[in-house]
Amino acid sequence: MAADCLFCKMVSGAIQPNKVYEDNDVLAFRDINPQAPVHVLVIPKRHIATVNDLTDADAALVGKLTLIAKKIAAELGVADSGYRLVSNCNADAGQSVWHIHLHLLGGRGLQWPPG
Ligand code: AMP
Ligand code: ZN
């Protein structure tokens with residue numbers, strides 16, 4: 001855990017997110033500033049600052065994040081209509097929280113390419 005990390009505080013319970021999923025490794029919760037009718041963040045419980053910090057040892061964890069996002073998409077009713085999984089890395093992508101997360105966005109048509 002990183003003491004000054006917002007998402008680590010959600011993992012520890014110091015801040016209570018609007019949870020949609022939790023297991024030993026992963027937490028998922030509603031984004032506080034939703035950009036679509038469904039906007040969920042799927043995070044590892046372990047602090048990893050950016051996608052650049054992932055190592056080969058994290059392969060199973062990264063795969064698990066996607067598989068859980070897939071399940072949440074189905075539970076929230078956007079599996080068939082469609083959804084996007086996005087992970088922003090560093091400044092040009094607009095990363096604003098330095099603990100990796102997958103954005104699950106759905107419930108409306110999404111533009112491509114993104115801005
Ligand atoms: P990113 O900009 O890709 O790093 O995504 C960070 C996301 O965290 C943004 O979509 C924010 O709206 C979201 N966020 C920031 N603070 C909170 C919070 N307290 N609870 C839920 N989501 C948050
Ligand atoms: Zn963290």
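Visitor: At 30% relative accessibility, what does N90 count as?
Guide: This is a predicted model, in which local features need pLDDT of at least 70 and side-chain atom pairs count only at pLDDT 80 or more, while totals for chains, interfaces and linings use all residues. Residues are numbered from 1 along each chain as its sequence is written, chains are lettered from A and ligands numbered from 1 in the order in which they are written, and side-chain values use heavy atoms, with hydrogens and water left out. Buried means under 20% relative accessible area, exposed means over 50%, and partly exposed lies in between (1.4 Å probe, protein chains only). At 30%, N90 therefore counts as partly exposed.

Visitor: Near what value is phi of N90?
Guide: N90 is placed in helix α3; helices (H or I, at least four residues) and strands (E, at least two) are DSSP runs, numbered from the N terminus. Most residues other than glycine have a negative phi. N90 is not glycine, yet its phi is positive, near 70 degrees.

Visitor: Which peptide bond is cis?
Guide: Most peptide bonds are trans. P113 lies in the segment after β5. With omega near 0 degrees, the cis bond is the one from W112 to P113.

Visitor: Where does ligand 1 sit?
Guide: On a 1 Å grid over the protein atoms alone, a pocket is an open set of points with protein on both sides within 12 Å along at least five of seven lines. A molecule sits in a pocket if more than half of its atoms lie within 2 Å of its grid points. By that rule, ligand 1 sits in the largest pocket.

Visitor: Which element gives the most to the shell around ligand 1?
Guide: There are 16 residues around ligand 1, and D31, N88, S96, H101 and H103 come nearest; a residue is near if one of its heavy atoms lies within 4 Å. Both α1 (6–12) and β2 (26–30) supply at least two residues of the shell. The most, three residues, come from α1.

Visitor: How far is a polar side-chain atom of N88 from an oxygen atom of ligand 1?
Guide: A backbone N or O atom of I32 lies 3.1 Å from a nitrogen atom of ligand 1. A polar backbone atom of G94 is 3.1 Å from an oxygen atom of the ligand. For the polar side-chain atom of N88 and a ligand oxygen, the distance is 2.9 Å.

Visitor: Is H101 buried or exposed?
Guide: H101 is found in the loop between α3 (90–93) and β5 (102–106). A polar atom of its side chain lies 2.7 Å from the backbone oxygen of H99. Because its relative accessible area is 8%, H101 is buried.

Visitor: What is the relative accessible area of D23?
Guide: D23 lies in the loop between β1 (19–22) and β2. A polar contact of 2.7 Å joins the side chains of D23 and Y21; such a contact is a pair of N or O atoms within 3.5 Å, where within protein one must be able to donate a hydrogen and the other to accept it, and residues adjacent in sequence count only if both atoms are side-chain atoms. D23 is buried, and its relative accessible area is 17%.

Visitor: What separates the C-alpha atoms of L27 and V11?
Guide: L27 is in strand β2 and counts as buried at 0% relative accessibility. L27 and V11 are 16 residues apart along the chain, and their C-alpha atoms are separated by 7.1 Å.

Conventions
1 Å grid on protein atoms, 1.4 Å probe; cavity = no way out; pocket = protein on both sides within 12 Å on 5 of 7 lines; lining within 4 Å.
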